[in-house]
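Please read the numbered points with the model open alongside.

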Amino acid sequence: MHVYLVAKDELEAQGIRWMIESHFTGVTLTLLKKVQDVKETIEIERVDLVILDMDRYREEGEYFDRLMSLRNVRWLFLSSERMFQIAYRALQFRAEDVLFRPFAPEDLMKHLQQIRFYVRNQEDSVNIIDYKADKVIDYPDLFMQEHIPDQSITMAAFLTPDPNNLTLVHEAVKRFSFTGQPYVFALSNLILCVQETGERIHTQEEYRAFLTDWKKKMDEPLAIVVKSSDKNSSIKQLYQQSVELSSRIFYEGYDIIIDDTSTNTAQELDPFLTPLEQRQWIEMLEKRDLASIREWLWKEFLTFKQPYPDPEIIRIRLTSVLAQIRRHMKSYQIASGPIESFYHRVFQDIIHQPVIYQIVQQLLTFTTELLEESHEITDNRRTFIEKARELMESNYWDPQWSLEQCAEALRMNKSTLSRKFKAECGKTFRETLHEIRIREAKRMLLETDLSLEEISSLTGYSHQTYFNAKFKLMENCTPTSFRSGA
């Protein structure tokens with residue numbers, strides 16, 4: 001953008017030059033000594049804006065009148081006098097505004113940004129009309145065409161967690177003075193800026209300046225994903241790589257600039273909990289061990305390093321954890337209004353929340369509230385048999401766990417426990433424990449590829465031979481036959 005300045009005070013002119021050159025790139029400022037120089041300059045050079053000091057009207061009034069006929073020039077007036085005549089002349093010139101001294105630097109910067117925005121829009125309109133001749137980058141290039149630009153380009157994706165802020169981001173990007181020929185695209189979940197430039201270091205400084213300016217004015221979360229083109233890279237390929245790179249926000253959060261010249265292969269990860277992990281969660285929930293739950297979640301979800309797993313895999317794994325918590329709620333019949341609503345909010349967060357740390361924090365808060373606030377209600381509601389069976393469900397995997405440990409947990413004599421259990425259930429404590437173990441063994445035989453040795457160990461049997469014999473006694477077939485469906 002070409003700006004010309006006619007100022008009465010030379011010191012003020014130098015100050016305006018410093019403000020413009022320190023805040024904008026791609027803007028050239030030329031000082032003119034006389035008003036009469038304006039018309040001569042416009043006739044031979046491109047002029048986007050003329051900043052004109054109206055205090056010189058008394059000295060060079062005749063030249064001012066000649067400038068009124070120049071309709072293709074934008075004017076910005078400066079004046080020391082708040083008079084009707086000044087405002088009237090501004091209307092005659094169709095000036096953008098009149099800045100009365102003393103004016104704030106921000107007022108001048110605001111007008112320059114707006115005018116620069118209009119100038120760019122006009123240039124973009126001209127370029128789009130001559131699309132094939134100038135090879136302008138347009139929306140189809142992002143999704144359909146294999147448009148390979150003539151020179152290196154840098155693509156920057158601006159993302160914010162609140163979609164309502166995308167309009168503000170779009171306006172800020174359009175106003176900002178980026179190097180080269182920028183093309184700005186508004187998409188459903190991000191704003192994209194494409195620059196035809198090879199000055200990678202310089203553009204990085206511009207993105208840092210943009211983020212700093214954004215935080216100063218808006219204080220809203222924003223992440224900028226920067227990707228530079230490789231040789232023979234199409235616009236479509238670069239856009240796809242930028243979208244893939246934006247997945248790092250899930251792990252690293254906002255208010256950062258993500259820049260990577262390569263695309264990392266995602267880390268492989270099992271999205272479902274293993275039988276051992278399921279058993280661990282059952283135990284932690286039964287014991288209300290919040291410290292262990294917090295440590296487990298932190299270790300599993302907040303210690304990832306590059307290359308990161310696919311965020312969708314992590315979301316599935318988080319729903320597997322939530323399923324264990326749901327199982328605990330069903331077992332204890334905890335379905336009060338607030339707890340149930342909180343559960344559904346956590347599920348929605350797992351599906352939609354853009355940053356993993358916030359998901360884990362919400363899950364921890366929910367689990368804490370579930371275990372602490374419902375403890376007294378559920379404890380009073382459970383019968384003696386229910387408490388004993390819950391202990392069995394939590395400890396069936398331990399070969400050393402027996403009637404004695406259960407009686408100790410219930411604070412009663414083991415003989416009394418054995419007698420009451422048989423009287424109320426019709427089965428002995430030992431028989432019931434074996435039923436639970438075999439039930440879990442059947443589930444693992446059908447749902448997993450674990451070996452018989454592993455299944456016997458996970459269901460509380462020290463020796464596979466004993467496990468095979470007990471299984472055949474209770475199910476009238478061997479574990480191998482049961483798995484094969486014979």
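The points below go from the whole chain to its strands, its helices and one surface patch.

1. Basis of the note. This is a predicted model, in which local features need pLDDT of at least 70 and side-chain atom pairs count only at pLDDT 80 or more, while totals for chains, interfaces and linings use all residues. Residues are numbered from 1 along each chain as its sequence is written, and side-chain values use heavy atoms, with hydrogens and water left out.

2. The chain as a whole. The secondary structure comes to 24 helices and 10 strands (DSSP runs numbered from the N terminus: helices are H or I with at least four residues, strands are E with at least two). Of the 486 residues, 46% count as buried (buried is under 20% relative accessible area, exposed over 50%, partly exposed in between, with a 1.4 Å probe and protein chains only). The chain exposes about 25800 Å², and carbon and sulfur atoms supply 50% of this area (accessible areas come from the Shrake-Rupley method with a 1.4 Å probe; for residues, only the protein chains shown count as cover). Among contacts with a separation of 6 or more, 68% are between residues 24 or more positions apart (contact means heavy atoms within 4.5 Å).

3. Strand β1. Four of the five residues of β1 (residues 2-6) are buried. β1 runs parallel to β2 (residues 28-31), joined by four bridges (two strands pair if DSSP finds at least two bridges between them). His 2 has Thr 28 of β2 as its bridge partner. β1 also pairs in the parallel sense with β3 (residues 49-53), over four bridges, and here Val 6 is partnered by Leu 52.

4. The five-stranded sheet. An open sheet with mixed pairing has the strand order β7-β8-β6-β9-β10. Because β7 (181-186) and β10 (256-259) stand at the edges with a single partner strand each, one side of each is left without a neighbour in the sheet. Neighbouring strands are turned by 20° against each other on average, direction ignored (axes are lines fitted to C-alpha atoms, for helices over the stretch in contact, and angles run from 0 to 180 degrees between N-to-C directions).

5. Strand β6 within that sheet. Seven of the seven residues of β6 are buried, so the strand is largely enclosed by the rest of the structure. Ile 153, Met 155, Ala 157 and Leu 159 lie on one side, and Thr 154, Ala 156 and Phe 158 on the other. β6 is joined to β8 by six bridges in antiparallel fashion, with Met 155 opposite Val 194. Six bridges also join β6 to β9, again antiparallel, and Ala 156 stands opposite Val 226 there.

6. Six bridges link β7 to β8 (residues 191-196) in the antiparallel sense, and Pro 182 is partnered by Gln 195. Helix α8 (residues 166-175) lies across β6, β7 and β8, running at about 20° to β8. Helix α10 (residues 235-245) also packs on the sheet and touches β6, β8, β9 (223-228) and β10; its direction makes about 140° with that of β9.

7. A surface patch. Which residues make the nonpolar surface patch of about 340 Å²? They are Tyr 139, Phe 143 and Met 144. Patches consist of residues with over 30% relative accessible area and no salt bridge, like charges being joined within 9 Å and nonpolar side chains (Val, Leu, Ile, Met, Phe, Trp, Tyr) within 5 Å; a salt bridge is a side-chain nitrogen of Lys or Arg within 4 Å of a carboxyl oxygen of Asp or Glu. Met 144 is found in the loop between α7 (139-143) and β6 (153-159), and counts as exposed because its relative accessibility is 65%.
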